[in-house]
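Hi everyone, thanks for letting me take a few minutes today. Please have a look at the picture as I bring it up, and we'll walk through it together.

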Amino acid sequence: MKKKNVFLPLILCVGILLAACGRDNPQETEPLFEQIDNTIGQEESEQPQEQDGAVEEENAVITEDQAYNAVINYCKATDPDFSEEVNSEGYTEYWEISTNEDGEIVVLYRSYTAAQIRYYVNPKSGETYVTELVPGIIDEEQKTGETFNVRDYI
């Protein structure tokens, strides 16, 4: 008789525990403890010098040469067969770098098929978007949807 009296409450407790643990409540999955920044009271001058250099480099304005080299590196990273050398078989193929009236650096690649691919680089942020123009096929310059940051490829 004693076993029946212990067994029934034990089963009820296990059932209640399983039901309580099985709930899917997003509020219960949040961490109970909050991360605290351990640098309270430290002077900024105590920060490592390397971080200051990284911040300065990040805020530096990108030059036309850096933009060109970054675009070349990007092309190599996205296309393993890419060769930056201009075709020497008599086709009209070239790279051209300029700055437009909006202050963007424009790296133009004109392929031997006459397609013109332009990389518009923001010299402050490094954000870049790509356009394409193919005379006779695509008569207006169109964004390709391709974007990247040249700072990742400098």
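Let's begin with Ile117. Not counting residues up to four places away in sequence, Ile117 touches Val107, Leu108, Tyr109, Val130, Thr131 and Glu132. Before going on, please keep in mind that this is a predicted model.

Where does Ile117 sit? Its place is in strand β3, which covers residues 116-121. Is Ile117 buried, partly exposed or exposed? Buried would need a relative accessible area under 20%, and Ile117 has 23%, so Ile117 is partly exposed.

Now let's step back to the whole chain. The protein has 3 helices and 5 strands, and from the N terminus on they run α-α-α-β-β-β-β-β. Of the 154 residues, 23% are buried. The accessible surface comes to about 12,300 Å², and carbon and sulfur atoms account for 51% of it. If we take contacts with a separation of 6 or more, 31% of them are between residues 24 or more positions apart.

Next, the inside. In soluble globular proteins, nonpolar side chains tend to be buried together. Here the largest nonpolar core has 17 residues, and those with the most contacts inside it are Val71, Trp95, Val107, Tyr119 and Phe148. Helix α3 (64-78), β2 and β3 each supply at least two residues of this core. Which of them gives the most? That is α3, with 7 residues.

Let's pick Phe148 from that list. Beyond its neighbours within four places in sequence, Phe148 is in contact with several residues, among them Val71, Tyr74, Tyr119, Val130 and Tyr153.

Two more residues deserve a stop. Arg110 is in strand β2, residues 105-110. Arg110 is buried yet has no salt bridge. How far away is the nearest side chain of opposite charge? That side chain is Glu93, and it is 8.2 Å away. Leaving aside neighbours within four places in sequence, Arg110 is in contact with Thr92, Glu93, Tyr94, Ala115 and Gln116.

Finally, Ala114 is in the loop between β2 and β3. Most residues other than glycine have a negative phi. For Ala114, though, phi is positive, near 80°. With a relative accessible area of 21%, Ala114 is partly exposed.

Note on methods. Residues numbered from 1 in each chain as written. Predicted model: local features only at pLDDT ≥ 70, side-chain atom pairs only at ≥ 80, totals over all residues. Heavy atoms only, no water. Helix = DSSP H or I, 4+ residues; strand = E, 2+ residues; numbered from the N terminus. Buried < 20%, exposed > 50% of the residue type's maximum accessible area, 1.4 Å probe, protein only. Contact = heavy atoms within 4.5 Å. Areas by Shrake-Rupley, 256 points an atom, 1.4 Å probe, with all protein chains shown as cover. Lys, Arg positive; Asp, Glu negative; His and termini not counted. Salt bridge = Lys/Arg side-chain N within 4 Å of Asp/Glu carboxyl O. Core = buried A, V, L, I, M, F, W, Y, C linked by side-chain atoms within 4.5 Å.
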